[in-house]
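Subject: Structure handover

Hello,

Here is the structure I promised to pass on. Please open it next to this message, and my notes on it follow below.

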Amino acid sequence: MINTKWHEIYDIREGSYSSDFRIHNPLDNSRGDTYSDMQQSWTNLASHESLFEIFDTVNHEALHVALKREDFTIEIEHIIIRKINQVLYNISSI
Ligand SMILES: [Zn+2]
């Protein structure tokens, strides 16, 4: 069961990151990119096959943006993102 009152439990911090779309990353075939040196993340549309995949990438990059406030390595960020998605999709519990 998904907790619909999560916003009453946790503090929400606002940031100035923007989440934008582009056709592709000119440097590689990534689905999305979040940069540590600028307050911007990208979803690269040509690397996706469906709207669901695009939503998934937007969510993934948004979690990277949130985790950039901490001092994690990219590998630790991906472990945390995987765990968050497992909990959100009821694959595992906290
Ligand atoms: Zn990632």
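**What covers α2**

The buried residues of α2 are covered by elements that include β1 (18–22), β2 (32–34), β3 (40–44) and α3 (74–88). Cover here goes by contact, meaning two residues whose C-beta atoms, placed from the backbone, lie within 7 Å. The element names are DSSP runs numbered from the N terminus: helices are H or I with at least four residues, and strands are E with at least two.

Before you go further, please keep in mind that this is a predicted model: local features need pLDDT of at least 70, side-chain atom pairs count only at pLDDT 80 or more, and totals for chains, interfaces and linings use all residues. Residue numbers start from 1 along each chain as its sequence is written.

**The chain as a whole**

The protein chain has 3 helices and 3 strands, in the sequence pattern α-β-β-β-α-α. Its C-alpha trace spans about 40 × 30 × 25 Å along the principal axes. Of the 94 residues in the protein chain, 12% are buried. A residue is called buried if 20 or more other C-beta atoms lie within 10 Å of its own, exposed if 12 or fewer, and partly exposed in between, with C-beta atoms placed from the backbone. Among contacts between residues at least 6 apart in sequence, 25% join residues at least 24 apart.

Helix α2 covers residues 51–67, and its 17 residues reach 24 Å from first C-alpha to last, close to the 24 Å expected at 1.5 Å a residue. That expected span is 1.5 Å times one less than the number of residues. Which residues of α2 are buried? They are T57, H60, E61 and H64. These four sit on the same side of α2, because they cover an arc of only 90 degrees around the axis; the arc is that of the directions from the helix axis to the C-beta atoms. The face turned away from this buried side carries the exposed residues L51, F52 and F55.

**The sheet**

The 3 strands form an open sheet in the order β1-β3-β2, with mixed pairing. β1 and β2 are the edge strands, each pairing on one side only. Strands pair if DSSP finds at least two bridges between them. β1 and β3 are parallel over 5 bridges, and S19 stands opposite S41 in β3. β2 and β3 run antiparallel, joined by 3 bridges, with W42 in β3 as the bridge partner of D33. α2 lies across β1, β2 and β3 and runs at about 160 degrees to β3. For that angle, axes are lines fitted to C-alpha atoms, for helices over the stretch in contact, and angles run from 0 to 180 degrees between N-to-C directions.

β1 is hardly covered, with a count of 0 buried residues among its 5 residues. T34, in strand β2, counts as buried because it has 22 C-beta neighbours inside 10 Å. Leaving out residues up to four places away in sequence, T34 touches S41, E61, H64, V65 and K68.

**After α3**

α3 has 15 residues and reaches 21 Å from its first C-alpha to its last, close to the 21 Å expected at 1.5 Å a residue. N90 lies in the segment after α3. N90 has a positive phi of about 60 degrees although it is not a glycine. Most residues other than glycine have a negative phi. N90 counts as exposed, because it has 9 C-beta neighbours inside 10 Å.

Best wishes
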